[in-house]
Amino acid sequence: MGSKYHAFLFPWFAFGHMTAFLHLANKLAEKGHKITLLLPKRVLKQLEPLNLFPKSIVFHILTIPSVDGLPDGAETTADIPITLEGFLASAMDRTRGQVEEAVRFGKPDLIFFDFAHWIPEVAREYGAKCVNYLTISAACVAISFVPGRSPDDCAVPPPGYPSSKVLLRGQEANILSFLSYPFGDGVTFYERIMTGLANCDVISIRTCREIEGKFCDFIEKEFQRKVLFTGPMLPEPDNIKPLENRWNHWLNRFEPGSVVYCSLGSQIILEKEEFQELCLGMELTGLPFLVAVKPPKGASTVQEALPEGFEERVKERGVVSGEWVQQPMILAHPSIGCFVSHCGFGSMWESLLSDCQIVLIPHLGEQIFNTRLMSEELEVSVEVKREETGWFSKENISGAVRSVMDKDTELGNLVRRNHAKLKESLLSSGVISGYVSKYVEALEKLV
Ligand SMILES: *[C@@H]1O[C@H](CO)[C@@H](O)[C@H](O)[C@H]1NC(C)=O
């Protein structure tokens, strides 16, 4: 038996990252380790229910400093438009004093981080080891973060990049220009991630060899260090709490596998026209649907932004909600047959481990890589077709949904078969828990 350790976890202030770190905390706690998770205050309400080991996992609250340009009270990416995230990064960096204080007092053996590129310095000063725990796909890391390259080259596969269909098309390359923008005080997004990768003791990625092995091999070669797989880091199905009554009740009215569930994550705020087109696309499928997205730009509720006459026309079979919903529990409901997703990395794993047909509408750079991995490389999903300008019409949405939901279409059968096969290989006994055990053991050797 390895020794038990005390780990600090310090994720980027975005829900996808914080929940991935909390799932990791649960796995570490399950093996008898002690965890301190550093978080802003207002996320506790959403995260506390996901803490399966309250005796071993402690939440340490950080006060988010005010930063010029960051709206008062903003604590996570869900509180701000994406264009302001650099200010939130400054705020995170300015919690360094608080983090060091907590480290001095708590004396962790290990510190896990993703975006806080200065953690390796803190860890070294206080005699801890540090682990870069990346919650983005290895494919995205492999193509975007390559030692010795400029971020301007990021859209082009680097020499030695594994042969794959995970590539950007045409103008999509522009989406990666944010890599060279400031993201925090005096640091670009690119420099932030590269510094963390170059200075950590261990790189680990929330992925599996079955899906991203070749990308991880490439990253190992590029950074000259071992890359550890953590597996998907999702809660075991037994640990999933029951779905809220009103959603359960509503979903129970429909046939098994008939409802389309659409969610675009906590970060994306659509333009009003896009939001309306999405709603109309759902209407056009003719299927029952549940859409959970944030109110579009300029609206304070989703209701006020709905298309003319929409609610009246779909009231028997469609709901649009602006509230945060329990996605894993919704996906596990037998009535859900199709998941329309932005393909953030957390949602990608949740979709893979569900029985739903998967339709993807990526918005951000990383989501496009994930989508290509799913739709082109693994062929387990379809991507909504867009115009060159990025616009998608209601026909493009409903077409994608119908292509996998209509009975016996060639594409629908193909992705269903591939998805089922992959899910089975991931869920076959011991695969996921094997990743966790090997990861935790490797870390025990490190401390
Ligand atoms: C998207 O839908 C429009 C109809 O609204 C259609 O003309 C167009 O060909 C579709 N785009 C793609 C790329 O399939």
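1. I111 sits in strand β4 (strands here are DSSP runs of E, at least two residues, and helices are runs of H or I, at least four residues, both numbered from the N terminus). Before going further, a word on the basis: this is a predicted model, where local features need pLDDT of at least 70 and side-chain atom pairs count only at pLDDT 80 or more, while totals for chains, interfaces and linings use all residues. Residues are numbered from 1 along each chain as its sequence is written, and side-chain values use heavy atoms, with hydrogens and water left out.

2. Back to I111: is this residue buried or exposed? I111 is buried, at a relative accessible area of 1% (buried means under 20% relative accessible area, exposed over 50%, partly exposed in between, with a 1.4 Å probe and protein chains only). Setting aside neighbours within four places in sequence, I111 is in contact with F8, V103, I119, A123, A128, K129, C130 and V131 (contact means heavy atoms within 4.5 Å). Its C-alpha atom is separated by 8.6 Å from that of N132, a residue 21 places away along the chain.

3. Now the sheet that β4 belongs to. It is an open sheet of seven strands in the order β3-β2-β1-β4-β5-β6-β7, with parallel pairing (two strands pair if DSSP finds at least two bridges between them). At the edges are β3 (57-62) and β7 (227-229), each pairing on one side only. From one strand to the next, the twist averages 25°.

4. On one side, β4 pairs in the parallel sense with strand β1 (residues 6-10) over four bridges, and F113 is the bridge partner of F10. Four bridges also join β4 to β5, again running parallel, and here F113 has N132 as its bridge partner. As for β5, the strand is mostly covered, with five of its six residues buried.

5. Helix α4 (residues 96-106) lies across β1, β2 (34-40), β3 and β4, and runs at about 170° to β1 (axes are lines fitted to C-alpha atoms, for helices over the stretch in contact, and angles run from 0 to 180 degrees between N-to-C directions). In helix α7 (residues 189-199), the buried residues are F189, Y190, R192, I193, M194, G196 and L197. They pack against α3 (85-93), β4 (110-113), β5 (129-134), α6 (138-144), β6 (202-205) and α8 (209-223).

6. Further along the chain, look at β11. Five bridges join strand β8 (residues 259-263) to β11, running parallel, with S341 as the bridge partner of S263. β11 also pairs in the parallel sense with strand β12 (residues 357-360), over four bridges, and there C338 stands opposite Q357.

7. Two backbone angles to check. Most residues other than glycine have a negative phi. C343, in the loop between β11 (336-341) and α13, has a positive phi of about 65° although it is not a glycine. E379, in the loop between α14 and β13 (382-383), also has a positive phi, near 55°.

8. F345, M348, S351 and L352 of α13 make the contact with E366, N370, L373 and M374 of α14. By class, that gives five nonpolar, two polar and one charged residues (Ala, Val, Leu, Ile, Met, Phe, Trp, Tyr, Cys and Pro count as nonpolar, Asp, Glu, Lys and Arg as charged, and the others, Gly among them, as polar).

9. Lastly, what angle do helix α10 (residues 272-285) and helix α15 (residues 394-405) make? They pack at about 45°, with axes 8 Å apart, which makes α10 oblique to α15. On the α10 side, E277, L278, L280, G281, M282, L284 and T285 meet K394, E395, I397, S398, V401 and R402 of α15. The residues of this contact divide into six nonpolar, three polar and four charged.

Technical notes. Parallel < 35°, antiparallel > 145°, perpendicular 65-115°, else oblique.
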